[in-house]
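Hi,

Here is the structure I promised to pass on.

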Amino acid sequence: MHRPIRIAFLALALGLSTIATAFAADLPSVELNIRQHRFEPARVTIPAGRKVLLVVHNRDATPEEFESNEFNREKVIMGGRSARIYVGPLKAGSYRFYGEFHADSAQGVLVVEE
Amino acid sequence: MLAIALLVFREVLEAALIIGVVGAATRGVAGRGRWLLAGMAAGLLGALGVAWGAGAIAAAFSGSGQELFNAGVLLAAVAMIGWHVAWMSVHGRDLAQRMRAVGHSVHAGSRPLYLLAVVVALAVLREGSEVALFLYGMAAGGAHGLATGVLLGVAGGTALGLALYAGLLRIPLKRFFALTNGLLILLAAGLAASAARYLAQADLLGTGGGTLWDSSWLLSDGSLLGHTLHVLVGYEARPTAMMLVFYAGTVTLLVVAARVVARRQRQAA
């Protein structure tokens, strides 16, 4: 890739992520862990109609893919790493999520309340 | 073993369906087999590289690296498909006529082949890197039946991709390239909508006010049919307004670009 284009792309990405982190400051956020291929807690509650930051810590040594068809998210989280996943705004209700790499045990529910 | 086979199947299916469409869209073009294989091989190599560097990619751009990478890969594929569709709008009819006249493969230059080989490579890279990370975790966890699971998953996914390819080839040559071009446009639009979803997940792009509708009661995107339609035409059971904007924007852009290129070509001729 040409150098100016590469610099332009980098600047764009940096700019976007700066804006994103600035706005993220006052977002409601929820943390959860993955341990032994299970979510802890397996049930998390967030407010309806707002964007929410999910911080998922993978405490296992192996990668996991956090996934939800119901709130349309998917992110690979390497072993021992954490991931930030922005969710919603969602309507009130329950939304399932799971760890795609260990779907038999890694199951959770996101409860969205008014 | 079954869980392994299922996951591998889902990922391989995505790549296999894309390869099926691309394979059909390059019907009758001499030398396409080599290009498609080269695309697959490059994609596999890339997938291993991405899996190996997954930690570094994820950590880049204050933790948004994975989403930016995925969105970039998806949008690059959209650009390649757009270019191909524009090229075909000029040469497709001529290609079909020559194929009917000679009854075998014709030389169309390498452009339609390398563009779509890149699309194949990017599809294999995306799905392959997920499979690689999954299998790495499984192997580290001492899972049994790894090889059987992978074999079953790859066989199942490949079989459906081949079935799609064989089905598309039954379309009469007269309408063939118009139809595969249309399918490629919808496929690209779906990829663009997925890119919008990744960018929203990293909060680099808005959603346009949450979910637009929920048609999962009718067709869940977790089901085989829903998943297949998701890959082929970008079906989403719960899209956001932004995803719809990306979808419709891509369809419009690709259709308009193809028309403009075709008209210019006619004027030049």
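**Salt bridges**

Over all chains, the structure holds nine salt bridges, a salt bridge being a side-chain nitrogen of Lys or Arg within 4 Å of a carboxyl oxygen of Asp or Glu. Before the details, two notes on conventions. This is a predicted model, so local features need pLDDT of at least 70 and side-chain atom pairs count only at pLDDT 80 or more, while totals for chains, interfaces and linings use all residues. Residues are numbered from 1 along each chain as its sequence is written, chains are lettered from A and ligands numbered from 1 in the order in which they are written, and side-chain values use heavy atoms, with hydrogens and water left out.

One of the salt bridges joins R35(A) to E40(A), with the closest N and O atoms 2.6 Å apart. R35(A) counts as partly exposed at 35% relative accessibility, and E40(A) counts as partly exposed at 34%. For these labels, buried means under 20% relative accessible area, exposed over 50%, and partly exposed in between (1.4 Å probe, protein chains only).

Another salt bridge pairs D203(B) with K51(A), the closest N and O atoms being 2.7 Å apart. This pair crosses between chains: D203(B) is in the loop between helix 7 and helix 8 of chain B, and K51(A) is in the loop between strand 3 (43–47) and strand 4 (52–58) of chain A. Helices (H or I, at least four residues) and strands (E, at least two) are DSSP runs, numbered from the N terminus. D203(B) is buried, with a relative accessible area of 9%, whereas K51(A) is partly exposed at 31%.

R238(B) forms a salt bridge with D214(B), where the closest N and O atoms are 3.5 Å apart. Here the pair links distant parts of the chain, 24 residues apart: R238(B) lies in the loop between helix 8 and helix 9 of chain B, and D214(B) in the loop between helix 7 and helix 8 of chain B. R238(B) is buried, with a relative accessible area of 11%, and D214(B) counts as partly exposed at 40%.

**Where the chains meet**

How many residues of chain B are in contact with chain A? There are 35, and they meet 29 residues of chain A, with contact taken as heavy atoms within 4.5 Å. The area buried between chain B and chain A is about 2,800 Å², and carbon and sulfur atoms give 53% of that. Buried area here is the accessible area (1.4 Å probe) that two parts lose on being put together, summed over both. In chain B, Q201(B), D203(B) and R238(B) lose the most area to chain A, together 22% of what that side buries.

Four salt bridges are counted between chain B and chain A. Among them is E74(A) with R197(B), the closest N and O atoms being 3.4 Å apart. On the side of chain B that touches chain A, the elements giving two or more residues are helix 1 (2–25), helix 3 (54–63), helix 4 (65–102), helix 5 (111–140) and helix 7 (173–201) of chain B. Helix 5 of chain B gives the most, with seven residues.

**Inside chain B, and the fold of chain A**

The largest nonpolar core has 59 residues, of which V21(B), I81(B) and L95(B) touch the most other members. A nonpolar core is a set of buried Ala, Val, Leu, Ile, Met, Phe, Trp, Tyr and Cys residues joined through side-chain atoms within 4.5 Å. Not counting residues up to four places away in sequence, V21(B) touches L164(B), L168(B), L183(B), L184(B), L187(B) and L232(B). A second, separate core of 22 residues includes A48(A), L54(A), F71(A) and A106(A).

T228(B) is found in helix 8 of chain B and is buried, with a relative accessible area of 17%. Leaving aside neighbours within four places in sequence, T228(B) is in contact with L13(B) and L17(B).

Of the 114 residues of chain A, 50% count as buried.

Happy to talk any of this through.

Best wishes
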